[in-house]
Amino acid sequence: MSAASEALASRIPDARVKTAFGQSAAHVPLHGWLPAARHAREELGCAQFDWLGVEDAGRPGAAGQRHAVLLHVLDPVTKDGVLLRTELGPDDALPSVAGLWAGAAWHEREAAEMFGIALAGGEPAHLLLPDGFSGHPLRKDFVLASRVVRPWPGRLEPGEDGTSAPSRRRTAPPGVPDPSWGPRYERPEEDHRG
């Protein structure tokens, strides 16, 4: 556990420090996001912005319902880093940390556009996608149009190649639409023969 993360957790009552894969993160509730970021900058000296990212925090079967926002900042002198994490529900808005680190503004705009994260300051201007684009392409529940038009280029699902027993529950790779989008690609009969 890094010294900066421990200091952050000990000085912010709502923060919980968790370590996974050798990386410590200070988990803060959404209402403590901005105070924790301000504390990291002003009290811990983390004046260097590294990155802000988003990941799907939904439980199985609930993709796109909750998102985790992660912020990594550094003390430029000691190179000690602090990783902050909070979760957003579908109706929550993320308070901006761009007032503390100007570089965070681009990352927040990317999160809003690509993941559908609402920002407390309002809807930002388009950054990466063209006007009129519908949806948020980095969410797990976003159906990729190319997978509707063309068959999945990877291996066939168990049982579809005719050599193994079918699985109990067929799962499609992320982004592959459900059968309501149209018929699935079927291999020609001669491909099943050896």
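**Exercise 1.** Work out what share of the chain's contacts between residues at least 6 apart in sequence join residues at least 24 apart.

*Solution.* Start with the term: a contact means heavy atoms within 4.5 Å. Then take the contacts between residues at least 6 apart in sequence: 51% of them join residues at least 24 apart.

Before going on, note that this is a predicted model, where local features need pLDDT of at least 70, side-chain atom pairs count only at pLDDT 80 or more, and totals for chains, interfaces and linings use all residues. Residues are numbered from 1 along each chain as its sequence is written, and side-chain values use heavy atoms, with hydrogens and water left out.

**Exercise 2.** Find which residues touch the most other members of the largest nonpolar core, and which element gives the most to it.

*Solution.* First, a nonpolar core is a set of buried (under 20% relative accessible area, 1.4 Å probe, protein chains only) Ala, Val, Leu, Ile, Met, Phe, Trp, Tyr and Cys residues joined through side-chain atoms within 4.5 Å. Next, the largest one has 31 residues, and Trp33, Leu71, Val73, Leu84, Leu94, Val97 and Trp101 touch the most other members. Finally, α3 gives the most, with 5 residues; helices are DSSP runs of H or I with at least four residues, numbered from the N terminus.

**Exercise 3.** Decide whether Pro35 is buried, partly exposed or exposed.

*Solution.* Begin by placing Pro35: this residue lies in helix α2. Its relative accessible area is 43%. Partly exposed covers the range between buried and exposed, the latter being over 50%, so Pro35 is partly exposed.

Methods:
Helix = DSSP H or I, 4+ residues; strand = E, 2+ residues; numbered from the N terminus.
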